[in-house]
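Okay, thanks everyone, I'll keep this short. Have a look at the structure on the screen and I'll talk you through a few spots.

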Amino acid sequence: RSESQSVRSECIAVLKDLLTRFGLECGSTHENTMGVLLTQVGSTKSVVHKRATTCLGVLAPYLPDHLLSRLATTLLQRIESAKGSSDENVHAYIQAIGRISRSVGHRLGRSIDSIIPLFLEYLGDPVDDDEALQAESVCELRENILHAFEAFAERCPAEVAAHMDTMLNRVIGFMAFDPNYTYDDSDADSDAEMGDDSDYEDDEDGDYDDYDDFGGDDDDNTWKVRRASVKVIQAFIVSRPELLQQLYNQCTDSLVGRLKEREESVKTSIIVCLEELMKTTALRRTAGSRADGVVALLEGKKDAIVNVICRLLKDKKTSVKVKTALFALFSHFMNALDLSSPAAEAAAGGAAP
């Protein structure tokens, strides 16, 4: 009830610690605590509503089903009522659902059919070039929505099944959302042909790129959206191995094509996602469970995958971290095609470099 924002902020921080340690022991206060935090989520001060959303995420696992359902319904109603207005609090409400979904994604299954269409609406279209949609607040909102999608895909795949195609199509678009940079596909070919006398002798000084592992350009937050999009695809690969053939058809070309990504943390996430795809393929092949179609699809993409891996390994701009991830990817790629043994490699015509 304090009028001081700083006092309320500190109270929420202490409350979060109390719930983390004693959440089970304070069941009699859960309903009141939930109501107070919902009030704080609507605060005009970002530090207060951010701490309140984090605290709701800590509280959610301890809530009984009827309170958790009421919490989700209340947040959805507030988002709906703010639709079409300039109410900035809607961002806080969406972030709150995103935070809760990461804590108890499987228990929000009953609300999925209401949450996903609403989130897709606020996520927007990746081809929209309005500069206002590149602002930090919008990128943060989109990142939170995509994190929620990741949690839903991991923890309640059956409830998400009806929305899977739409979600994948949208996140594939956002995986390439880089409006502040123009990629020249011809550069990839020229890089692969460069010899030891190229102009990149001083790459260790970092002159060729200002982007680092922790987010790159301070004025460009779109990399967070791209990385979160990749995580959604990876979550579907892990949670829906029985739909691997569909995932190959829908996602593989886009993932391989995005290995031209300029931001290292995003590129590493793409490599890890492809590695997960190879692991799942290898498991299905060894299990002999309707794997022929999947392996045939991978065979068709073999040349493209090998070529891009080799190009990146030759490129002097590729960091040691990325090269290490590429070697791990190639190892699982070999396993997925059963090219691990010399005999198998010879039978495949020496496809592996």
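This is a predicted model: local features need pLDDT of at least 70, side-chain atom pairs count only at pLDDT 80 or more; totals for chains, interfaces and linings use all residues.

I'll start with the whole chain, then go to a helix pair and some aromatic rings.

The chain has 17 helices and 0 strands. Of its 353 residues, 47% count as buried. The accessible surface comes to about 17200 Å², with 48% of that belonging to carbon and sulfur atoms. And if you take contacts between residues at least 6 apart in sequence, 77% of them join residues at least 24 apart.

Now, the helix pair. How do H7 and H11 run relative to each other? The axes of H7, residues 136-155, and H11, residues 222-239, come within 8 Å and cross at roughly 5°. Anything under 35 degrees counts as roughly parallel, so that's what H7 and H11 are. On the H7 side, the contact includes Cys139, Leu146 and Phe149, and on the H11 side Val225, Ala228 and Phe236 are among the residues involved. Sorted by type, the contact residues come out as 9 nonpolar, 4 polar and 6 charged.

On to the rings: the whole structure has 3 aromatic pairs. In one, Phe119 and Phe149 have ring centres 6.4 Å apart and planes at 40°, so we call that pair tilted. Phe119 sits in H6 and Phe149 in H7, 30 residues apart, so to speak a link between distant parts of the chain. Both Phe119 and Phe149 are buried.

Then there's Phe330 with Phe333, centres 5.7 Å apart, planes at 35°, also a tilted pair. These two are 3 residues apart in H16, which means about one helical turn separates them. Phe330 and Phe333 are both buried.

Technical notes
Residues are numbered from 1 along each chain as its sequence is written. Side-chain values use heavy atoms; hydrogens and water are left out. Helices (H or I, at least four residues) and strands (E, at least two) are DSSP runs, numbered from the N terminus. Buried means under 20% relative accessible area, exposed over 50%, partly exposed in between (1.4 Å probe, protein chains only). Contact means heavy atoms within 4.5 Å. Accessible areas come from the Shrake-Rupley method with a 1.4 Å probe; for residues, only the protein chains shown count as cover. Axes are lines fitted to C-alpha atoms, for helices over the stretch in contact, and angles run from 0 to 180 degrees between N-to-C directions. Angles under 35 degrees count as roughly parallel, over 145 as roughly antiparallel, 65 to 115 as roughly perpendicular and the rest as oblique. Ala, Val, Leu, Ile, Met, Phe, Trp, Tyr, Cys and Pro count as nonpolar, Asp, Glu, Lys and Arg as charged, and the others, Gly among them, as polar. Rings of Phe, Tyr and Trp (its six-membered ring) pair if their centres lie within 6.5 Å; planes under 30 degrees apart count as stacked, over 60 as edge-to-face and the rest as tilted.
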